[in-house]
Amino acid sequence: MAEPLPPDQTIVLVGAPGAGKSTVGVVLARRTGCEFTDVDAAIEQVAGKPISAIFLEDGEPAFRELERRVTLGALQRPGVVSLGGGAVMSPEIRDALGRHTVVWLDVSAAQATRRVGLGDSRPLLAGQGIHSTMVRLLNERLPVYEQVSTHRVDTNGRRPNQVARDVMEMLGFPAATGSEQPDILGEPVEGPPQTFPEPGEQSR
Ligand SMILES: Nc1ncnc2c1ncn2[C@@H]1O[C@H](COP(=O)(O)OP(=O)(O)O)[C@@H](O)[C@H]1O
Ligand SMILES: O=C(O)C1=C[C@@H](OP(=O)(O)O)[C@@H](O)[C@H](O)C1
Ligand SMILES: [Mg+2]
């Protein structure tokens, strides 16, 4: 494990669905030895049902209100906090982010679309045209991710462990020594940083 996170620090991960916020957040928390909060998981706990059911049964406005409350609560605790992709559209959440280290995990629409695939766990992307929905979401949100973040890490073609390493390096944590845990997606992580080919990628 690298240097522990200072006890009062909160590192917040923002970015599009499929950027890897939930996946990388787990690795970062493990490596910095701090608490991890995935706000989507916390929302599901509070609601007692999956996010897809909240959207379906209660509607998006009810989800956003719950998201606002749970996110503002999570931002008061130290550790690594992974937000939902749309949380930054709330002015109150943007305001709260102003007090923290906010890392934007950047991803192209093409790669995000491939990563989230056809699963039904992201209701905003369900139905037809996942890629065009992703392009629209990114068009709306990229300026906001840029505005709220203190740091940006390009995740395109990078494995989650590499992204976590990039984040830690950027935040000034000492480089990890010794052998690392296996890659969270099951890939070996030894050796120099490499790019992870995600074929067909041309542009955002
Ligand atoms: N850097 C990456 N490279 C390839 N696949 C990734 C990467 N980061 C995450 N994934 C995969 O993409 C999907 C979405 O990741 P997730 O962490 O849930 O993203 P987010 O929380 O930002 O929506 C998961 O299946 C995850 O395993
Ligand atoms: O982009 C969005 O508006 C959403 C992203 C999801 O989180 P991830 O970004 O972790 O997929 C989840 O909060 C919800 O489905 C809405
Ligand atoms: Mg997530």
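## A site at Ser-22

UniProt, in an unreviewed entry, places the feature "binding site" at Ser-22. UniProt positions follow the numbering used here, feature names are shortened, and annotations may be inferred rather than shown by experiment. The model is predicted: local features need pLDDT of at least 70, side-chain atom pairs count only at pLDDT 80 or more, and totals for chains, interfaces and linings use all residues. Residues are numbered from 1 along each chain as its sequence is written, and side-chain values use heavy atoms, with hydrogens and water left out.

Ser-22 is found in helix α1 (residues 21–32). Helices (H or I, at least four residues) and strands (E, at least two) are DSSP runs, numbered from the N terminus. Ser-22 is partly exposed, at 36% relative accessible area. Buried means under 20%, exposed over 50%, and partly exposed in between (1.4 Å probe, protein chains only). Not counting residues up to four places away in sequence, Ser-22 touches Phe-36, Asp-38 and Ser-82. Contact means heavy atoms within 4.5 Å.

## More annotated residues

The "binding site" annotation in the unreviewed UniProt entry also covers Asp-40, Arg-64, Gly-85 and Arg-141. The lining of the largest pocket includes Asp-40, Arg-64, Gly-85 and Arg-141. On a 1 Å grid over the protein atoms alone, a pocket is an open set of points where a 1.4 Å probe fits, with protein on both sides within 12 Å along at least five of seven lines; lining residues have an atom within 4 Å of a point.

Arg-64 lies in helix α4 (residues 60–74). Arg-64 is partly exposed, at 22%. Leaving aside neighbours within four places in sequence, its contacts include Phe-55, Leu-124 and Arg-141. Gly-85 lies in the loop between β3 (79–82) and α5 (91–97). Gly-85 is buried, at 11%. Beyond four places in sequence, Gly-85 touches residues including Lys-21, Arg-141 and Tyr-145.

## The sheet and its helices

Five strands form an open sheet in the order β2-β3-β1-β4-β5, with parallel pairing. β2 (36–38) and β5 (151–154) stand at the edges with a single partner strand each, so one side of each has no neighbour in the sheet. Two strands pair if DSSP finds at least two bridges between them. β2 and β3 pair over 3 bridges. Thr-37 stands opposite Val-81 in β3.

Helix α2 (residues 39–47) packs on the sheet and touches β2 and β3. Its direction makes about 70° with that of β2. Helix α7 (residues 130–148) lies across β1 (10–14) and β4 (101–106), running at about 145° to β4. Axes are lines fitted to C-alpha atoms, for helices over the stretch in contact, and angles run from 0 to 180 degrees between N-to-C directions.

Notes: Chains are lettered from A and ligands numbered from 1 in the order in which they are written.
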